[in-house]
Amino acid sequence: MSDEDITLTAGDAEVTVLPGNGGRVGSLRVAGVELLRQGAKFGCFPMVPWVGRLRDGRFLDGATVQQMPLNSPPHAIHGTTRDAPWRTARTTTNEAVITYDLVAPWPHPGRVTQAFTLTEDALTLTMSVEAYDSSFPAQIGWHPWFNRNLGEQDVTVDFTAAWMEERGEDHLPTGRRVEPGPSPWDDCFGMPDGVDVTLTWPGQLELKVTSREEWVVVYDEQEAAVCVEPQTGPPNGLNTLPHLVTPIEPLEAATTWTWRRL
């Protein structure tokens, strides 16, 4: 199937998936109100096969040091798939599945599959990474840009984390875990019982971002939007906390956004 835009509907919720633009969610509208920042680089894009910044664009792959393009010098950031076209595998009124075959500069063949399921009050995103013939380290995450303001008051972001990854001057975790600090954030937090973050637009909408994963990056340093990014490991995790994908064991993750009117 082609990489044409996909529209999903359920109740008064509508989602647009853009396979041709990095496999991202381009729009989430609830009762006609757009929740995601609009623009070709925004919406909600998949981070795969790594999340966040990768130090100097390098990671250890067995005994080999692999070099990725430095798309956020001096680092590589957010994987290789957010600027590439994905292919549509199947769609229904409220579900879609899209795929991406890993190619250079990623050194190992494999496939990434994303699924989107919309109900009247929730959107669930799932992703998996499969290895074809050789094992490799990988990570999965999502990078949604939620509009800071839906026309009335700015959003509030509420969560309780067990720790915050100390951030060095290079914006990468130092390896030390510290007490969570106050906003503004561009930080990775640990939630051993699973990601659970509540965004509230007062008098309008409450949206909960949940995931069984225990890592989330919260970014609220931009005026137009805030980001709540569930992921399978911390930034630079290919080097510090690699998850090995093998031909018999894929890496899988999911996140659900659940909303209610206020």
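**Exercise 1. Find what share of the contacts between residues at least 6 apart in sequence join residues at least 24 apart, then describe the chain as a whole.**

*Solution.* Start with the contacts. In this predicted model, 62% of the contacts between residues at least 6 apart in the protein chain join residues at least 24 apart in sequence.

Next, list the secondary structure: the chain has one helix and 25 strands. Its radius of gyration is 18 Å, close to the 18 Å that the globule rule gives for 262 residues, so the chain is as compact as a globular protein of that length. The C-alpha trace spans about 55 × 45 × 30 Å along its principal axes.

Finally, look at burial and surface. Buried residues make up 55% of the 262 residues. The chain exposes about 11500 Å², and carbon and sulfur atoms supply 48% of that area.

**Exercise 2. Work out which strands pair with strand 22, and in which sense.**

*Solution.* Find strand 22 at residues 215-219. Take one partner at a time. Strand 19 (residues 186-190) pairs with strand 22 in the antiparallel sense, over five bridges. Within this pairing, C188 stands opposite V217 of strand 22.

Now turn to strand 23, residues 225-231. Strand 22 and strand 23 also pair in the antiparallel sense, again over five bridges. Here V216 has P230 in strand 23 as its bridge partner. Five residues lie between strand 22 and strand 23, and the two strands form a hairpin.

**Exercise 3. Decide which way the residues of strand 22 point, and whether they are buried or exposed.**

*Solution.* Begin with a general idea: in a regular strand, side chains alternate between the two faces of the sheet. Now check the strand itself. W215, V217 and Y219 point one way, while V216 and V218 point the other way. For burial, the cut-off is under 20% relative accessible area. Five of the five residues in strand 22 are buried, on both sides of the strand.

**Exercise 4. Identify the largest nonpolar core and the residues with the most contacts inside it.**

*Solution.* Recall that nonpolar side chains tend to be buried together in soluble globular proteins. The largest nonpolar core here has 65 residues. Those with the most contacts inside this core are F146, F159, L199, L207, W257 and W259. Strand 13 (residues 122-131) gives the largest share of the core, five residues.

Now zoom in on F159. Leaving aside residues up to four places away in sequence, F159 touches W185, F189, M191, D196, V197 and V218.

Terms used
Residues are numbered from 1 along each chain as its sequence is written. This is a predicted model: local features need pLDDT of at least 70, side-chain atom pairs count only at pLDDT 80 or more; totals for chains, interfaces and linings use all residues. Side-chain values use heavy atoms; hydrogens and water are left out. A nonpolar core is a set of buried Ala, Val, Leu, Ile, Met, Phe, Trp, Tyr and Cys residues joined through side-chain atoms within 4.5 Å. Buried means under 20% relative accessible area, exposed over 50%, partly exposed in between (1.4 Å probe, protein chains only). Helices (H or I, at least four residues) and strands (E, at least two) are DSSP runs, numbered from the N terminus. Contact means heavy atoms within 4.5 Å. Two strands pair if DSSP finds at least two bridges between them. The radius of gyration is taken over C-alpha atoms; the globule rule is 2.2 Å times the number of residues to the power 0.38. Accessible areas come from the Shrake-Rupley method with a 1.4 Å probe; for residues, only the protein chains shown count as cover.
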